[in-house]
Amino acid sequence: MGCSRSKEIQGGCGEVTGMESIYTALSNRPVRDGIRRTRENLSKNVKENLKKYPFLKKYARELRDVKLKVINDLDFWIDRSIKKLEENGARVFYARDSESARRIVAEIVGSGKTVVKAKSVVSEEIGLRDHLEDMGNEVWETDLGELIVQVNNEKPMHMIVPALHLSEDEVIRILERVGIKGKNAEECTDKVRLFLREKFLKADFGISGCNAFSAESGSIFLIENEGNIRLSTSVPEKYIAIVGVEKIVPDDEHAIKSIMVQSAYFGTFPPSYINVIRNRQPGELCVVFLDNGRKSTDEILKEQLLCVRCGRCHLECPIFQLTGNVWGGETYGGPMGMGWSAITSGISSIENEVFLSCLCGKCRIVCPMEINIPRIILHLRKLAVRQTAK
Amino acid sequence: MDLNHLRNEIEEKRKMVREDMDRYIDIFVRSLKASSSEVEVTTDPEVVEKYRRDIQEDGGNSIVTFADSASVSPAILFFTGLEQEISTAMADHHISVILAEDIMPDVISAYRLALLKSIERGHGVIFGSSSASKTADIEGKLVWGAHGPKRFRVVVVR
Amino acid sequence: MFRPGKLIELLESNMARTGNPLGLKRSLLSEWLRGLPDLKGRDDTILFTGLMYQLTPYIELSTKYLQKIENSSLEKLFYFYVKLSKYVNPYRFLTLRGSDMERYSESLRRIFLILKKSGIDFTYREDLDGYSGILLYDLGDDSAFSSHAQEISDLLENADVKKIITVDPHTTYALKVLYPEYSGLKVEVASYLEILADVIDKGRMENLNEVVIHDSCYYARYLDIIEHPRKILENMGYRVVEPENSREMTSCCGGPIESISPVFSREIAESRIEELSSAGKKAVTMCPICMGNFERCGFSTHDISDLIFGGMNGSEPSQE
Ligand code: SF4
């Protein structure tokens, strides 16, 4: 039995490097406290939402089947979506990887422009903000939490609650750097509102991601609570949406179901605002579909594409609870971040991180899409081990 | 999209609500209150004019709009049109009038009714609101009026 | 965080030498048999310990050492030790207190006795018992796991075993779910808790005590063994208290990553300990890894077998 391998195995694959940051995160109490606070608030809401609106569970199950169908036939659905958008008069682009996505958006925007951004994980994935800034544009994150993180020059600590690790006092000090002076959360929020109003009004471009895309009508569906997405997608004359191809669902009905499920499982339901954009007349609508590894996943990893990005698995994960988004790849952290990082940046981006999971399986239980995340993590371990054994 | 089919479907739902209007309105009102919105039910069609006058006198940044549809629970009001979207997003106080007959039994049919109207009017955007704008991004503290309206008031006209 | 590849190397080399992941002498793993009555019964039904109870005190012992060097330059010591493990038994250098070992032995003995007392007919054969290989599987070392699974499956099938009784969640998962897939094992596998839930009747004792239940991740989420321990405990007269996060929402004890990162494992244990201890004074576990990791972090729990045994004999288990 056993030791058939003659070559010495080094690390998961190679040395365990880049893992120092998780120890730094571990000693950073506010991360933990912030996650705990967020979890306590939201978990309670999720439970109540599901009890009050029993149809949500039905939606989630149905959505899983429908999304699976789309993911198994992505080319067909991408094609159909592009045709519909062109019919509606939109400019449509297709980006194979993050570099080409950056290039496409940069070409549309040019330089010397003002850009307002809705919080979008997919734009983090392609490193869009930095790129547009490097091209000489003024780029503003307009989600309050994301703006704080932008000004503080750090990575969002959670997909949906980016600044959960910062205290009110810290936020006050951070915002002062861009001249926003408030004495507490309420004042800061109000000052940010005024500060960004001016940016919205002078912006040449609005950019957002997409929570769900309907191939039937060619519409982009977005949900939010603050109202910044509504402003970003409507006020500037030109609007660019970046759509991960896995966001496509066949019709408007399932797009609505998808955003309902996403917000309910995150913990704010109903969302304050729903925005559905079919065309932008007057003005211009540009849609960039992004592949970046999504179309070439293996059978096990593919399940991660069902994800509606509700952020539930993060908050319930024992490792994420200690480290926040530090445990993961460049963009995607936490349980879903293992699969997502592997899909979008390759397995080497999380070859050590995958070994830190307990495989305790809570993520699978809480996931509305019933994604078998521990199976994905285990699969990535196997790939990492096999890679080194070669 | 088969518009006639859509119209028939909506008629069916309308009938369903009409037969049990009191109960539907009651649930609708409670759902809105749960999202901290202000609600008022009236049979006076003049009420809209009254609000318009109030706003003009008030001079503040308020807006009165007609919703195109609404779902009963969770209560979400749908509207169409880019111009209207911008002006409601910019307002401090959004007063929204909904005719009882446009209240639909679920979110999907409410969306469909708005979709139908948007197609008929040639509007490219549909938007829904269920409360005032809010955020909890700073230490989990709930603050109203992040980027959008600080107050959201719904007037149901029977 | 220790290099997963190094851990795998260590496991593989220990298993090649001794069949168990720590490279322990077989005699140490048979300690628990001391004083047990006749081990023979119906020979197509066997008790399979999977060695987890026996290994746990040694795992905890090494974790205590590893914890001290994690994330420091001393981590190298461990890699040196991995090299050494091919030639010598590392536990020559580590000594375990007899009492630490005894707790786990005692639990196993009690499981044996409870089953016998409940009228379950089975045999225990040392030569048919072994480690399941689950750690190899967890670390993604599929090829080593699969050849080990094959070896154990052949052993069991050649002995004409028809039914296997397991005692811990990890071994249960390996034999019940993974072996059929990896090595085509066709033998019926059941955890002793599943078996007892069917045979222990109501009302042996009243008002024994309140116990806070800590579900094991594997039982609750991978094997759907949630009601069984509750039914047993309640029928024994215990009042089962649900902590925050229980049943399929149970929180991890941190044990599964104690070899990759003792530090993280400990933090996770501590937050679970907080949940358990705020629900009541006495907590019950049903997995030696959970019990061991909690113990390492200064929190004593009762193995469920000890409570059942105590209930059967009309006494509370001693509060050590
Ligand atoms: S994996 Fe599941 S729980 Fe996690 S973010 Fe995606 S949908 Fe939500």
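This is a predicted model: local features need pLDDT of at least 70, side-chain atom pairs count only at pLDDT 80 or more; totals for chains, interfaces and linings use all residues.
Which residues is B:E85 in contact with, leaving aside its neighbours within four places in sequence?

**View 1. B:E85 in helix α4 of chain B.** B:E85 lies in helix α4, which covers residues 82-90 of chain B. Its relative accessibility is 1%, so B:E85 counts as buried. Setting aside neighbours within four places in sequence, B:E85 is in contact with A:R230, A:T233, A:S234, A:N275, B:V125 and B:F127. B:V125 is 40 residues away from B:E85 in sequence, yet the C-alpha atoms of the two are 8.1 Å apart in space.

**View 2. The chains and their contacts.** Two pairs of chains are in contact, and of these chains A and B share the most contacts. Chain B and chain C are not joined by any contact, and their closest C-alpha atoms lie 21 Å apart. Between chain C and chain A, 44 residues of chain C are in contact with 40 residues of chain A. These two chains bury about 3700 Å² between them, with 61% of that area on carbon and sulfur atoms. On the chain C side, C:M1, C:R3 and C:F264 supply 19% of the area buried against chain A, more than any other three residues.

**View 3. Helix α12 of chain C.** This helix runs over residues 262-277; its 16 residues reach 22 Å from the first C-alpha to the last, close to the 22 Å expected at 1.5 Å a residue. The buried residues of α12(C) include C:F264, C:I268, C:A269, C:R272 and C:L276. An α-helix has 3.6 residues a turn, so residues three or four places apart point the same way. In chain A, the buried residues of α12(C) pack against α1 (20-26) and α14 (320-323). In chain C, they pack against α3 (52-69), β4 (210-213) and α13 (288-296).

**View 4. C:T56 in helix α3 of chain C.** C:T56 lies in helix α3 of chain C. With a relative accessibility of 0%, C:T56 counts as buried. A polar atom of its side chain lies 2.7 Å from the backbone oxygen of C:M52. Apart from neighbours within four places in sequence, C:T56 is in contact with C:Y104, C:P288, C:I289 and C:G292.

**View 5. The two domains of chain C.** Chain C is divided into domain 1 (4-196) and domain 2 (201-312). The contact between them takes 36 residues from domain 1 and 34 residues from domain 2. The two domains bury about 3300 Å² between them, 68% of it on carbon and sulfur atoms. In domain 1, C:R103, C:P169 and C:L193 lose the most area to domain 2, together 19% of what that side buries. Taken over C-alpha atoms, the domain centres are separated by 21 Å.

**View 6. Helix α8 of chain C.** The 14 residues of this helix (169-182) should span 20 Å at 1.5 Å a residue, which agrees with the 18 Å between its end C-alpha atoms. At C:L175, α8(C) bends by about 30 degrees. The helix is mostly covered, with ten of its 14 residues buried; among them are C:P169, C:H170, C:Y173 and C:Y182. At the start of α8(C), a side-chain oxygen of C:D168 reaches to within 2.8 Å of the backbone nitrogen of C:H170. Just after the helix, C:G184 takes a positive phi of about 65 degrees.

Note on methods
Residues are numbered from 1 along each chain as its sequence is written. Chains are lettered from A and ligands numbered from 1 in the order in which they are written. Side-chain values use heavy atoms; hydrogens and water are left out. Helices (H or I, at least four residues) and strands (E, at least two) are DSSP runs, numbered from the N terminus. The expected span of a helix is 1.5 Å times one less than its number of residues. The bend at a residue is the angle between axes fitted to the seven residues ending there and the seven starting there. Buried means under 20% relative accessible area, exposed over 50%, partly exposed in between (1.4 Å probe, protein chains only). A polar contact is a pair of N or O atoms within 3.5 Å; within protein, one must be able to donate a hydrogen and the other to accept it, and residues adjacent in sequence count only if both atoms are side-chain atoms. Domain bounds come from an automatic or database domain assignment. Contact means heavy atoms within 4.5 Å. Buried area is the accessible area (1.4 Å probe) that two parts lose on being put together, summed over both.
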